[in-house]
Amino acid sequence: QVQLVESGGGLVQAGGSSRLSCAASGRTFSSYAMGWFRQAPGKEREFVAAITWSGVRSYYADSVKGRFTIFRDNSKNTVYLQMNSLKPEDTAVYYCAADLSPRGQYSATSLIGEYDYWGQGTQVTVSS
């Protein structure tokens, strides 16, 4: 089993910034990609950002491009999501996920079904 634990959620004013962390523990595998997803009440879970094992390539949903940055520290088995210029519509439960496929060495996916492990989620609330 692989455990993913998110931290850093909370209440933020519109226009503010916040950083989320996701630490992996247990049985881990080399060369896996990581992603962030979010789910608002009454809506489907949606892709936010993803990053390859090396960290040299990252991908973002159009709704967050230019505002959010994903990065990782493999020595700590941790991936981060830096969120700037937050909007009320960013309010959601944010989940990190791990894709253990060897493709993670060089690619990352936005498809929910491709991820193998998920964290418990952390609430991010952006006030008006």
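Buried residues (under 20% relative accessible area with a 1.4 Å probe, protein chains only; exposed is over 50%, and partly exposed lies in between) make up 45% of the 128 residues in the protein chain. The model is a predicted one, in which local features need pLDDT of at least 70 and side-chain atom pairs count only at pLDDT 80 or more, whereas totals for chains, interfaces and linings use all residues. Residues are numbered from 1 along each chain as its sequence is written, and side-chain values use heavy atoms, with hydrogens and water left out.

The protein chain exposes about 6,500 Å², as calculated by the Shrake-Rupley method with a 1.4 Å probe, where for residues only the protein chains shown count as cover. Carbon and sulfur atoms supply 46% of this area. The radius of gyration of the protein chain is 14 Å, in agreement with the value near 14 Å for a compact globule of 128 residues; the radius is taken over C-alpha atoms, and the globule rule is 2.2 Å times the number of residues to the power 0.38. The C-alpha trace spans about 40 × 25 × 25 Å along its principal axes. Of the contacts (heavy atoms within 4.5 Å) between residues at least 6 apart in sequence, 60% join residues at least 24 apart.

The protein chain has 11 strands and 0 helices. These elements are DSSP runs numbered from the N terminus, with at least four residues of H or I for a helix and at least two of E for a strand. An open sheet of 4 strands has the order β1-β3-β8-β7 and antiparallel pairing, where two strands pair if DSSP finds at least two bridges between them. Strands β1 (2–7) and β7 (68–73) stand at the edges with a single partner strand each, so one side of each is left without a neighbour in the sheet. Neighbouring strands of this sheet are turned by 15 degrees against each other on average, direction ignored; axes are lines fitted to C-alpha atoms, for helices over the stretch in contact, and angles run from 0 to 180 degrees between N-to-C directions.

Within the sheet, β1 and β3 (residues 18–26) run antiparallel and are joined by 6 bridges. Val-2 stands opposite Gly-26 in β3. Gln-3, in strand β1, has Ser-25 of β3 as its bridge partner. Gln-3 and Ser-25 are 22 residues apart in sequence, with a C-alpha to C-alpha distance of 5.2 Å. Beyond its neighbours within four places in sequence, Gln-3 is in contact with Ala-23, Ala-24, Ser-25 and Gly-26. Gln-3 counts as partly exposed because its relative accessibility is 36%. Strand β3 is also joined by 6 bridges to β8 (residues 78–83), and these two strands run antiparallel. Here Leu-20 stands opposite Leu-81 in β8.

A search of the whole structure finds 1 disulfide, defined as a pair of cysteine sulfur atoms within 2.5 Å. The disulfide is formed by Cys-22 and Cys-96, whose sulfur atoms are 1.9 Å apart. The pair links distant parts of the chain, with Cys-22 in strand β3 and Cys-96 in strand β9 (residues 92–99), 74 residues apart. The link of Cys-22 and Cys-96 is right-handed, with 55 degrees about the S-S bond. Both Cys-22 and Cys-96 are buried.
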